[in-house]
Amino acid sequence: MSVLAIEGLRLAIGETPILRGVDLAVERNCVHGLVGESGAGKTMVGKAIVNALPEAARITAGAIRFDGRDLIAMTGRARRRLMGRAIAMILQNPMTALNPVIRIGDQMADILAYHLEVSRRGAAARAAAMLAAVHIRDPERVMRLYPHELSGGMCQRVVIALAFACEPRLIVADEPTTALDVTVQYRVLRLLKEMQARTQSAVLFITHDLGVVAKLCDEVSVMFAGRIVESAAVADLFAHPRHDYTAALLAATPRYDRPASTLTPIPDALRTRLLQEAERV
Amino acid sequence: MFEARDIRVALPDRSRKPLIGRAPLIEILKGISLSVEAGAALGIVGESGSGKSTLARTMLRLYRPRSGTLTFDGRDITDLDEAALRPLRARMQIIFQDSQSALNPRLTIGATLAEPMLSYRLAASRRAARDAAAALLARVGLSADFLLRYPHQLSGGQRQRVGIARALALNPALIVADEIVSGLDVSVQAQILDLLRTLRRETSLALVLISHDLSVVRVVCDTVLVMRQGEIVEAGPCADLFANPRHPYTRQLLRSVPLPVVDPGWLSGASLEEETAPPAG
């Protein structure tokens, strides 16, 4: 059974359809990339899973099954019990995930004490061990710092440590490296993969960057206008993109190892055609 | 057209500012030399903190170097005062990464584009300025409808097009573009890069493109400089440098770029170096 199975998910904000029947399955010990441009609805998929939808959004059809149980049908209390333990989320901006006025060590200990039901002292020791696990040198000192005293890459390490703290079954990561320099991105991706492999978690990795998908993911779904247009194993998708949009997205990705002339923006005609198709379903 | 010779720049280090008195200076650029010809495009790559944005601002004499010379169009501009710089300012333009804060939220796009033309007397009347603004919008792929809109009504990609239009308004000889595509998703990024390529074909503009993304530079530029900690580590034609990087730092940067090519070994290649916390205090 898939850890996460989304079936025919439809979601609207007011009268505007955002998701038009999304089907997606994420397996245990697998990183599944969800790729698409802004407005495709990929972030909304992530928010629907972790129950963080904007107030105006409502789910009009479909199911989000986690280990076979439909999250949408669960009570808020039951869903909250899963969050942070069985399901964790990593956001693009680690600064918004951390409380700016509480020292790193204190906020980590709070979260760990709550989830792991250990004493404060035990939680602090656990926090130090977790910072060491995400390759932060001198964890004791970092625990005494405030988030603004850390670089973006360091903050994201702290957030990753917290996300993996309870060895969750599923992690939703929404553009976690988009704001970072390439070298820092590389280290954060490597850390994410290392932690995922250690815990055998299922990861839904939301991104607009096909390059990151190629390097990190096992499976990938390409999204446009609220629909999944193609799902495939990563090796297959990059060898033979089946959908026109996937091919167009690949052609629009700049690469330093190819002459400049090979970059082609996504044709407006294709975009228009796909929008019309989406509106019909 | 533009030349910088052995430029050194020092700026106040605010993190070490004493309670009373001035912050100590810290050297950001440690002897930078470069030149750009009319019609050419130079890329500058490096990580955050490499000094590339300081270099951009120094080229336009927004900072004054402590030593070295800056030559623009055959004139030494190193020590010119603001009054002497003013007529030259029209001919050298900068475009910033954050298009939101670069545009005045209370001015319509039409006013934003017309203002510099009126101020520099490049348009005889408001009406002529408005027509010229519409023509500029057409050049960057936006319709005349945008003249009456405000920045908040535009998407990030549209705002960045306006930023480019404003830079073009005064027929500059030099445009410095500082990370102008880094906040945009791949499909919008491809459109902006395509626009820059087109502008290069149509004008004899000298373009300097600053980016942390080497693939972006490859699409637009002929030559590239790699910066680290205020110094140039390697420079050369894009095709050569990206195919045969000589400096180990350049090789490390290139390796960190996730090309859209499946490569399971990519994430396990180098050893896991630890990220160091900032110095105490």
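**Entry 1: a sheet in chain B**

I began with strand β1 (residues 2-12) of chain B and found that it pairs with strand β4 (residues 67-72) of chain B in the antiparallel sense over 5 bridges, where two strands count as paired if DSSP finds at least two bridges between them. I was working on a predicted model, in which local features need pLDDT of at least 70, side-chain atom pairs count only at pLDDT 80 or more, and totals for chains, interfaces and linings use all residues. For my labels, residues are numbered from 1 along each chain as its sequence is written, while chains are lettered from A and ligands numbered from 1 in the order in which they are written. The strands (E, at least two residues) and helices (H or I, at least four) are DSSP runs, numbered from the N terminus.

Within the pair, I noted that F2(B) stands opposite F72(B) in β4(B). I then followed the open sheet through its 4 strands, which come in the order β2-β1-β4-β5 (chain B) with antiparallel pairing. Because β2 (25-36) and β5 (75-76) of chain B each have a single partner strand, they stand at the edges, and one side of each is left without a neighbour in the sheet.

**Entry 2: chain B as a whole**

I looked up the makeup of chain B, which has 10 helices and 10 strands. Of its 281 residues, 41% count as buried, meaning that 20 or more other C-beta atoms, placed from the backbone, lie within 10 Å of the residue's own, whereas 12 or fewer make a residue exposed and the values in between partly exposed.

**Entry 3: where chain A touches chain B**

I found 43 residues of chain A in contact with 39 residues of chain B, contact meaning that the C-beta atoms, placed from the backbone, lie within 7 Å. On the side of chain A that touches chain B, the largest share, 7 residues, comes from α8(A). That side divides into 22 nonpolar, 7 polar and 14 charged residues; Ala, Val, Leu, Ile, Met, Phe, Trp, Tyr, Cys and Pro count as nonpolar, Asp, Glu, Lys and Arg as charged, and the others, Gly among them, as polar.

**Entry 4: two loop residues of chain A**

Most residues other than glycine have a negative phi. Where does N29(A) lie? I found N29(A) in the loop between β2 (16-26) and β3 (31-35) of chain A, with a positive phi near 55°. Having 13 C-beta neighbours inside 10 Å, N29(A) counts as partly exposed.

I also looked up D67(A), in the loop between β4 (57-66) and β5 (69-70) of chain A, where phi is near 50°. D67(A) is partly exposed, with 15 other C-beta atoms within 10 Å.

Key. Contact = placed C-beta atoms within 7 Å.
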